[in-house]
Amino acid sequence: MENTENDVRINDVPKKAGRSSNLELLRILAIIMIIAHHYSVHGGWDIPNEVSYNRIIIQFLSLGGKLGVNCFILITGYFMINSKFNMKKLIKIIGQVLFYSIVIMLFFKLFKIYNIGIRETAKSFFPIIFSKYWFATAYVELYILSPYLNKLINYCTEKEHKILLAILIVVLSVIPTFTNSLPGIDNLPWFVFLYLVASYIRKYQHNFFNRGKLLLLIFIGSYTLIMLSVVIIDLFALKIPDFPFDPTFLREMNSLPMFVCSVSLFLFFRKLDMGAKKIINNISATTFGIYLIHDNNLIRSYLWEHIAKNNSFYNSRWLSIHAIITILLVFCVCMIVESVRINFIEKPVLKLWDRKLERKFLNKSRKYVDRPFTQHISS
């Protein structure tokens with residue numbers, strides 16, 4: 001398999017028409033679920049303390065966000081296990097985050113939409129360091145660690161790999177799920193775990209990984225369990241004062257049902273044979289940009305509370321229609337903006353990339369990360 005297929009695909013324009021679109025389609029579905037999650041959790045809702053149809057709809061919309069995040073990382077690990085560290089790609093990712101962080105801040109400052117202070121300005125110029133986008137920060141950290149994770153993975157036998165996964169799932173998912181401490185896990189350890197899971201799937205082709213119908217049933221069953229938990233816990237929480245569980249606690253990305261849901265959905269899409277669809281691949285290339293635009297901390301509340309006016313639809317029978325239209329509009333508008341950035345900013349900048357400097361810089365960075373794993377341990 002060629003390296004172009006194995007490269008991480010968080011924000012690249014597809015380079016080959018022959019690239020299979022199955023996981024690219026999953027990437028598109030993932031960002032739509034993430035937008036729906038943000039519609040729910042950042043909507044500024046004034047929700048009364050009672051169970052209602054619209055309350056359940058809002059809670060259901062929030063469930064797919066962390067599922068989408070898990071799918072993004074599984075896709076990354078699946079491709080990156082066979083890839084080499086690419087400094088140029090890392091710089092592109094950081095540059096993309098920096099571009100949107102600064103441009104959006106300057107836009108809000110120029111039009112005086114918000115009072116932008118020194119602290120917010122500093123965060124906008126150093127978005128990775130200050131975790132302006134939590135996912136981007138954790139993703140960059142994961143990408144930097146990826147060559148060393150790959151060395152560890154290739155150094156392990158299949159049995160050792162399985163034992164490591166078993167230990168991590170117990171520590172990071174099983175125990176937190178049954179002790180109601182899911183949000184206590186940091187993002188990076190969980191991303192590393194998902195990376196290891198995806199690399200195992202890529203390296204060891206077990207028959208179970210190819211059972212499409214069974215995988216679909218597992219996904220439906222686990223997602224249904226999460227949905228039912230919302231309704232059931234809602235009912236208990238309203239009747240029992242200080243009920244210890246939040247109705248949506250199983251939506252956390254490291255909950256056991258969400259993990260099962262994420263892996264089964266990933267495996268199902270991995271099994272799909274749909275060939276190469278250029279339009280899907282091109283849309284998929286904008287997904288990271290869609291996230292950076294609509295979930296910028298300055299845009300977030302302004303978008304959902306002032307433009308979409310989510311809360312004004314809480315008591316409306318049109319809430320579901322409003323949600324669908326708003327989510328799709330956010331997706332389409334951000335996709336267009338990111339497509340413009342890719343074609344009129346990113347591509348010209350990359351053409352100006354100093355080839356000599358690139359080769360010199362990449363050779364130095366790879367000289368270290370490509371060392372045998374045992375040399376890293378001894379040093």
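Reader: What places Arg202 over the face of Tyr78?

Author: In this predicted model, Arg202 lies 4.5 Å from the ring centre of Tyr78. A charge sits over a ring if NZ of Lys or CZ of Arg is within 6 Å of the ring centre and within 35 degrees of the ring normal, so Arg202 is assigned to the face of Tyr78. Residues are numbered from 1 along each chain as its sequence is written. As the model is predicted, local features need pLDDT of at least 70 and side-chain atom pairs 80 or more, while totals for chains, interfaces and linings use all residues; side-chain values use heavy atoms, without hydrogens or water.

Reader: Why is the pair of Trp190 and Phe259 called edge-to-face?

Author: Ring centres must lie within 6.5 Å, with planes under 30 degrees apart stacked, over 60 edge-to-face and the rest tilted (for Trp, the six-membered ring is used). By this rule the count comes to 32 aromatic pairs. The centres of Trp190 and Phe259 are 6.0 Å apart and their planes stand at 75°, so the pair is edge-to-face. Trp190 belongs to helix 9 (residues 187-203) and Phe259 to helix 11 (residues 256-271), 69 residues apart, so that distant parts of the chain are linked (helices are DSSP runs of H or I, at least four residues, numbered from the N terminus). A separate grouping, one aromatic cluster, is formed by Phe72, Tyr133, Trp134, Phe135, Tyr139, Phe191, Phe288 and Tyr291.

Reader: How do you know whether Trp190 and Phe259 are buried or exposed?

Author: Buried means under 20% relative accessible area, exposed over 50%, and partly exposed in between, with a 1.4 Å probe and protein chains only. Trp190 has 0% and is therefore buried; Phe259, with 11%, is buried too. In the protein chain, 50% of the 379 residues count as buried.

Reader: Why is helix 3 described as largely enclosed?

Author: Seven of its ten residues (helix 3 spans 53-62) are buried, so the rest of the structure largely encloses the helix. The buried residues are Asn54, Arg55, Ile56, Ile57, Ile58, Gln59 and Ser62. They pack against helix 2 (22-41), helix 4 (64-80), helix 10 (212-239) and helix 15 (319-351).

Reader: What makes Ile321 partly exposed, and in which helix is Ile321 placed?

Author: The relative accessible area of Ile321 is 42%, so this residue is classed as partly exposed. Ile321 is placed in helix 15.

Conventions
Helix = DSSP H or I, 4+ residues; strand = E, 2+ residues; numbered from the N terminus. Contact = heavy atoms within 4.5 Å.
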